[in-house]
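Thank you all for coming this morning.

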Amino acid sequence: MMTNAFKMLAKTLFAVVLLFNAGELRAQMPSKENISSRDKQRLARFDKQVEELRTLLKIPGMSAAIIKDQKLLWAKGFGFADLENRIPATPDTVFHLASITKTFGATLILQLVEHGKLSLDEPMFHYSSDFKDDSVKIKHIITHTSQGTPGERYRYSGNRYSYLTKVIEKKFAKPFLNVVVETFFDPLGMTSSVPYHNVVVDKDKWVASLGKEHLDRYEKNLLRLAPPYSVYGEEIVHVPYPLRTYVGVSAGFLSTVLDMAKYDVAIERHVFLKKETQER
């Protein structure tokens with residue numbers, strides 16, 4: 001029942017949250033007068049469906065956004081970002097992206113390929129001594145086919161995917177965090193996003209390359225962070241994942257639904273990669 005409901009939620013979200021073209025997203029929600037009566041009806045129906053499924057799946061809080069014709073049509077929070085303190089989820093709530101972070105890393109790897117600076121057939125032992133021969137290639141890590149006989153079968157591994165961090169850092173000659181901020185966060189105006197949870201705690205390490213303005217903004221953004229929860233039996237409990245100290249290709253980024261909408265629109269427009277590279 002839970003599995004079917006989850007699939008239903010995913011299908012509903014993907015069917016309705018359509019991102020057409022790209023461009024600057026409106027900074028504020030459009031007035032109700034600018035939304036057609038048909039869209040109002042669809043939004044009301046969608047709103048109800050999401051809340052019903054959120055309750056069924058015991059999701060503490062979530063946010064969603066809809067972009068239509070390069071404009072923000074709708075955004076809303078459901079449930080609570082912080083259950084204990086009864087803080088409602090909103091479109092400005094900051095969430096852990098967890099493994100969605102991998103999409104940023106994959107895009108950077110393919111940028112390097114597209115620019116002729118990297119081959120997916122290059123052995124991973126060039127970047128880590130954990131690989132003893134040339135059997136495991138970059139293509140095996142990025143496609144989760146590196147375990148057992150490389151390329152033979154898919155087996156998801158976040159830990160092995162993290163090795164791509166070293167590839168990116170070597171080719172860009174700078175920390176992964178800085179590459180992401182310069183390539184995605186700043187150009188797209190993702191001003192509510194944070195590279196990783198402890199970036200402010202570790203500010204002495206980053207102030208020289210990021211600047212005080214960035215770190216001050218990250219500190220304010222973290223005040224809107226939803227703590228991570230999980231369902232354990234019938235109970236909603238706190239979980240330690242994602243790790244507060246980790247910054248790399250596998251996980252770590254924090255963002256809002258509105259910032260992620262900007263990122264998704266840019267992906268759809270092939271801002272970072274040519275269409276054929278992205279399809280590959």
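Predicted model: local features only at pLDDT ≥ 70, side-chain atom pairs only at ≥ 80, totals over all residues.

Let us start with helix α10, where 9 of the 12 residues are buried, so that this helix is largely enclosed by the rest of the structure.

Now let me widen the view to the chain. The protein chain has 280 residues, of which 45% count as buried, and it contains 11 helices and 7 strands. When we take contacts between residues at least 6 apart in sequence, 66% of them join residues at least 24 apart. The accessible surface of the chain comes to about 15,400 Å², and 53% of that surface belongs to carbon and sulfur atoms.

How confident is the predictor? The mean pLDDT of the chain is 88, and 88% of the residues reach 70 or more. Over residues 8-23, however, the pLDDT is below 50, although this stretch does have 34 contacts in the model beyond its near neighbours in sequence.

Let us return to those two strands, β1 and β2, which belong to an open sheet of 3 strands with the order β1-β2-β3 and antiparallel pairing. The strands β1 and β3 (87-88) stand at the edges, each with a single partner strand, and therefore one side of each is left without a neighbour in the sheet. For those who are new to this, strands of a sheet pair through backbone hydrogen bonds, either parallel or antiparallel. Here β1 and β2 pair in the antiparallel sense over 8 bridges, and if you look for I66 you will see that it stands opposite W74 in β2.

My next stop is the loop between α4 (138-142) and α5 (158-161), which is the place of S146. Is S146 buried or exposed? With a relative accessibility of 7%, which is under the 20% cut-off, S146 counts as buried. Its side chain is joined to the side chain of R160 by a polar contact of 2.6 Å. Leaving aside residues up to four places away in sequence, S146 touches V136, H140, I141 and R160.

H144 also lies in the loop between α4 and α5, and H144 is buried too, with a relative accessible area of 9%. Please look at its backbone as well, where phi is positive, about 55°, although H144 is not a glycine. A98, which lies in the loop between β4 (95-96) and α3, likewise has a positive phi, about 50°, although it is not a glycine.

That is where I shall stop, and I am happy to go back to any part of the picture.

Methods: Residues numbered from 1 in each chain as written. Heavy atoms only, no water. pLDDT = per-residue confidence, 0-100. Contact = heavy atoms within 4.5 Å. Helix = DSSP H or I, 4+ residues; strand = E, 2+ residues; numbered from the N terminus. Buried < 20%, exposed > 50% of the residue type's maximum accessible area, 1.4 Å probe, protein only. Areas by Shrake-Rupley, 256 points an atom, 1.4 Å probe, with all protein chains shown as cover. Polar contact = N/O pair within 3.5 Å; in protein donor to acceptor, adjacent residues only side chain to side chain. Pairing = 2+ DSSP bridges.
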